[in-house]
Amino acid sequence: MSTQRTDREVSEVSEVSEISEVDERLRRWRLVLGGDPADGTGYGLTGQDAAMDGALTALYGKGDKPLRGRDRSAGLGASAPSVARWLGDIRTYFPSPVVQVMQRDAIDRLGLSTLLLEPEMLEAVDADVHLVGTLLSLNKAMPETTKETARAVVRKVVEDLEKRLATRTRAALTGALDRSARITRPRHHDIDWNRTIAANLKHYLPEHRTVVPERLIGYGRASRSVTKEVVLCVDQSGSMAASVVYASVFGAVLASMRSLAIRLVVFDTAVTDLTDQLDDPVDVLFGTQLGGGTDINRALAYCQTRITRPAETVVVLVSDLYEGGIRDEMLKRVAAMKASGVQFVALLALSDEGAPAYDREHAAALAALGAPAFACTPDLFPEVMAAALEKRPLPIPEAA
């Protein structure tokens, strides 16, 4: 019997494959469109697909009405048991990143924040940075019976972030701190060969095909004393929730490095110094108060009074720059700090959320002072800090 397929068999297989691809496309469009009679798919769902559709409909709209964004009706109601079941369903049917998006949408679209004050609800959700931000905004309204559960949820997210970010941050900053202490008579294992060769190229001996260095350049040994100071000045207005979470984690990581002295300051219209809580970022986060106005000038005034070695200090302002204080005074403080030798870094956001909304006029004014403002992802932050510590150009993303 021949093992080769006939042209007809190949054609039949191709037709089946094409039909499967068409069905899959219709299935996906049916799940996206929600089954309105006018959706045009004519595709019916069964089994797990029907259950997935039910979970989506409960949040984004019922199939018997036109779906119009935030005006669409939804079917979770205000019942904690039904929401808990729904949370279990979406974890079954969707991958974790999708679950977290749907949870955020449920909180925003259906006003389910108050249900998060119940311990049973907190135990049912998939914790992420955005959920932590929501819990922090509810902190003052949270009953004592819920606070321990909330702290456990926040601690899990914080520990996951530390595992992800700590090693890279310490490696990048340790290298930057070592390089900032270069010496000209290094021991052999401390020689920076790339810079040594570059500095001695004029001493190249062609007949020996080698460079005879007259001047060695090397790294100083890591100092056990503080060599640099970093001030994290973080806007805790409601729009900056994710940035507050990441800044708190980074603050704790930086505070664990002996060569750095870290100060963490959070602000809205008031200023709070959380430096003494940096050994536990969960305590830092529960010491914040998301929401309220913004007075950047007042926060920078406080930070300015805490700077003792300007030439060895990096100030990182994390804010969307919507200033409620005195704009001209804020800019004067930034100019004065830079004139004194402070490295000033302005981050419009410290998160993975993409381009934030921000005050473009204030951002342009800071750029004119030599302090460009840009959004920074957590993965980029170690490189930004290393560049600031070494006083070299910042790795500003092209989109900025």
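Colleague: What volume does the largest cavity have?

Modeller: The largest cavity holds about 120 Å³, a volume being the space filled by probe spheres set on grid points joined across faces, edges and corners. The model is predicted, so that local features need pLDDT of at least 70 and side-chain atom pairs count only at pLDDT 80 or more, while totals for chains, interfaces and linings use all residues. Residues are numbered from 1 along each chain as its sequence is written, and side-chain values use heavy atoms, with hydrogens and water left out.

Colleague: What makes a space a cavity or a pocket, and what makes a residue part of a lining?

Modeller: On a 1 Å grid over the protein atoms alone, a cavity is a set of points where a 1.4 Å probe fits but cannot get out; a pocket is an open set with protein on both sides within 12 Å along at least five of seven lines; a lining residue has an atom within 4 Å of a point. The structure has one cavity of 30 Å³ or more. Sixteen residues line the largest cavity, and Leu87, Gln103, Ile107, Leu116 and Val125 lie nearest its centre. Helices H3 (80–93), H4 (96–110) and H6 (129–137) each supply at least two lining residues, and H4 gives the most, five. Helices here are DSSP runs (H or I, at least four residues), as strands are (E, at least two), numbered from the N terminus.

Colleague: How do the lining residues of the largest cavity divide into nonpolar, polar and charged?

Modeller: There are 11 nonpolar, three polar and two charged residues in that lining. Ala, Val, Leu, Ile, Met, Phe, Trp, Tyr, Cys and Pro count as nonpolar, Asp, Glu, Lys and Arg as charged, and the others, Gly among them, as polar.

Colleague: Which residues lie nearest the centre of the second largest pocket?

Modeller: They are Asp126, Ala127, Lys156, Val157 and Asp160, out of 13 lining residues. Helix H5 (119–124) and helix H7 (144–179) each give two or more residues to this lining, with seven, the largest share, from H7.

Colleague: Why is the contact between Lys156 and Asp160 called a salt bridge?

Modeller: The term requires a side-chain nitrogen of Lys or Arg within 4 Å of a carboxyl oxygen of Asp or Glu. The N to O distance for Lys156 and Asp160 is 3.3 Å, so the pair meets the definition. Both residues lie in helix H7, four residues apart, about one turn of the helix.

Colleague: Why is Arg164 called partly exposed?

Modeller: Buried means under 20% relative accessible area and exposed over 50%, with partly exposed in between (1.4 Å probe, protein chains only). Arg164 has 38% and is therefore partly exposed; Asp352, at 45%, is partly exposed as well.

Colleague: Why does Val32 count as exposed?

Modeller: Its relative accessibility is 58%, and the cut-off is over 50%, so the term applies. Val32 is found in helix H1 (residues 7–33).
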